[in-house]
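Please read the points below with the coordinates open beside the text.

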Amino acid sequence: GEGGRLASLSPQAVLERGYVLVTDSAGRPLAHAAQARGASEVVLTFADGKVAARPLGEAPSTQGHLDL
């Protein structure tokens, strides 16, 4: 029903499906790769906790393109 559909859109439910929220050290969400590359540190929020990381620059493009 409506409640189940609404619950599936909660931020926690989205994280539990494998998505990650990326924020800067001040907690502001980063929606673009360029924002992350410009940050000295980012925080990755997974469903089960957070991890601090340092961007290394642009990743090699050998992986291919995901059509989402």
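1. In this note a residue is called buried if its relative accessible area is under 20%, exposed if over 50%, and partly exposed in between, with a 1.4 Å probe and protein chains only. On that scale Asp24 counts as buried, at 11% relative accessibility. The model is a predicted one, in which local features need pLDDT of at least 70 and side-chain atom pairs count only at pLDDT 80 or more, while totals for chains, interfaces and linings use all residues. Residues are numbered from 1 along each chain as its sequence is written, and side-chain values use heavy atoms, with hydrogens and water left out.

2. As to the overall fold, the chain has 3 helices and 3 strands, which follow one another along the sequence in the pattern α-α-β-α-β-β; helices (H or I, at least four residues) and strands (E, at least two) are DSSP runs, numbered from the N terminus. Of the 68 residues of the chain, 15% count as buried. Taking contact to mean heavy atoms within 4.5 Å, 19% of the contacts between residues at least 6 apart in sequence join residues at least 24 apart.

3. The structure holds 1 salt bridge, a term used here for a side-chain nitrogen of Lys or Arg within 4 Å of a carboxyl oxygen of Asp or Glu. Which residue pairs with Asp24 in this salt bridge? The partner is Arg28, with the closest N and O atoms 2.9 Å apart. In general, side chains of opposite charge can pair when their charged atoms come close.

4. Not counting residues up to four places away in sequence, Asp24 touches Leu30, Glu41 and Val43.

5. Glu41 deserves a separate look: this residue lies in the loop between α3 (33–37) and β2 (42–46) and is partly exposed, with a relative accessible area of 27%. Beyond its neighbours within four places in sequence, Glu41 is in contact with Asp24, Ser25, Ala52, Ala53, Arg54 and Pro55. Glu41 and Pro55, which are 14 residues apart in sequence, have their C-alpha atoms 6.6 Å apart in space.

6. For the strands, pairing requires that DSSP finds at least two bridges between them. β1 and β2 pair in the antiparallel sense over 4 bridges, with Thr23 opposite Val43 in β2. β2 also pairs in the antiparallel sense with β3 (residues 49–53), over 5 bridges, and a hairpin through 2 residues joins β2 to β3. Phe46 has Gly49 in β3 as its bridge partner.

7. Where does Phe46 lie? Its place is in strand β2, and at 32% relative accessibility Phe46 counts as partly exposed. Together with Val20 and Val51, Phe46 makes a nonpolar surface patch of about 210 Å². Patches are made of residues with over 30% relative accessible area and no salt bridge, like charges being joined within 9 Å and nonpolar side chains (Val, Leu, Ile, Met, Phe, Trp, Tyr) within 5 Å.

Notes
Areas by Shrake-Rupley, 256 points an atom, 1.4 Å probe, with all protein chains shown as cover.
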